[in-house]
Amino acid sequence: MGTVLSIEAPGEVCLVEEKLPGIPEGGFMLATTHSGVSAGTELTYVKGTNPYLSSTWDPALGLFSEGTPSIAYPVRGIGYMQVGLVVETRTRAVSEGALVAMCYGHRTAYVADPMADRFVELPDDLDPMLGVYVAHMGPICANGLLHAAHDLHGPAVQRLGDGVRGRRVAVVGAGVVGLLTACFAMACDAAEVVVVDETPARLAIAAALGANVLAADEDPAVDLKRRWRHGRDDRGADVVFQCRGQTRALALGLRMLRPQGTLVDLAFYTQGAQEVRLGEEFHHNGLTLRCAQIGRVPRGLAHSWDRERLSHETIALLRRYGGRLREHVITDVVGFAEAPGFLSDLAAGHRQTVQAVLSDHVEEEGG
């Protein structure tokens with residue numbers, strides 16, 4: 001038996017037991033050591049605002065429409081940042097005792113089939129807690145940089161940093177996606193990286209990671225354009241990574257761009273984007289808006305930039321920034337038993353977090 005996090009209804013979160021299937025030939029069983037919480041996507045299920053809960057998603061047409069919701073309560077197994085210890089294996093693909101990164105939701109155990117489940121074995125020199133970023137979250141951010149590279153070089157992209165190297169980069173939003181994206185840009189030798197956010201505590205984290213910061217309390221676009229000059233009547237960021245699911249953040253990101261600059265959008269707007277103003281800077285400066293969604297890499301790059309390569313880039317980033325990420329970004333370590341109350345408090349606004357990790361391996365948390 002195992003335990004899985006279950007959202008029974010909006011605002012109702014609990015843990016329930018689930019019977020594990022037998023280990024198939026070629027499969028293996030995991031005991032979860034760490035499970036990262038996405039305080040954005042996952043809370044949309046707790047709050048009841050996720051579009052899958054109210055409409056039908058047609059994958060063939062790529063459209064949401066009215067009809068039977070694609071997902072109904074109870075919602076179980078949300079979460080995409082898991083690290084597990086292989087406790088039993090029936091395959092030579094992975095050995096007992098290995099630590100692997102996967103996406104199988106907040107549960108204490110999981111039976112994996114390598115023919116159906118993607119997994120990434122973690123190297124011995126990587127902090128297991130940072131492994132929560134390897135399978136999915138890190139590749140999400142790396143894919144944002146890949147879209148910036150494709151915007152500049154098309155299918156001739158060779159390195160992840162081809163779109164930011166030597167260029168001036170702004171990152172809107174200092175949540176986990178924004179902070180990791182900023183680290184990727186710095187690691188790829190951007191000329192300068194500025195992180196913009198409304199929360200002083202989050203800006204302090206960005207600064208501790210090595211980025212420059214601007215508060216979003218007034219109009220940072222003016223400050224940024226006075227600072228970044230390319231030529232006469234040509235000021236602003238070469239590329240903006242928009243990493244906050246607020247429409248005002250998207251509007252701000254567009255204002256920061258130099259003429260004919262590109263905004264790469266990694267955010268999820270559950271309420272639409274009514275505040276975005278497309279009749280002003282977007283139109284007059286000839287801007288480009290690109291959505292970077294982990295479901296696909298830029299057109300023409302799938303053969304050379306698959307999810308495995310993005311995970312490899314993530315491991316390289318974690319080796320370089322792991323100490324600072326562990327110290328400054330992982331703000332909460334919560335036992336599985338406390339998870340329902342923790343997620344409910346986050347959804348209700350009773351507490352804040354940057355990166356929370358569910359883990360009962362308390363002996364590691366002081367490291």
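A residue counts as buried when its relative accessible area is under 20%, as exposed when over 50%, and as partly exposed in between (1.4 Å probe, protein chains only). The model shown is predicted, so that local features need pLDDT of at least 70 and side-chain atom pairs count only at pLDDT 80 or more, whereas totals for chains, interfaces and linings use all residues. Residues are numbered from 1 along each chain as its sequence is written, and side-chain values use heavy atoms, with hydrogens and water left out.

**View A. Serine 311 in helix H8 (residues 307-328).** Because its relative accessibility is 1%, serine 311 counts as buried. Leaving aside residues up to four places away in sequence, serine 311 touches Arg118, Val120, Val134, Ala135 and Pro139, where contact means heavy atoms within 4.5 Å. Helices here are DSSP runs (H or I, at least four residues), numbered from the N terminus.

View B. Cysteine 103 is in no disulfide, the nearest cysteine sulfur being that of cysteine 141, 13 Å away; with a relative accessible area of 38%, cysteine 103 is partly exposed. The sulfur of cysteine 243 lies 6.8 Å from its closest cysteine sulfur, in cysteine 141, which is too far for a bond, and cysteine 243 counts as buried at 12% relative accessibility.

Key. Helix = DSSP H or I, 4+ residues; strand = E, 2+ residues; numbered from the N terminus. Disulfide = S-S within 2.5 Å.
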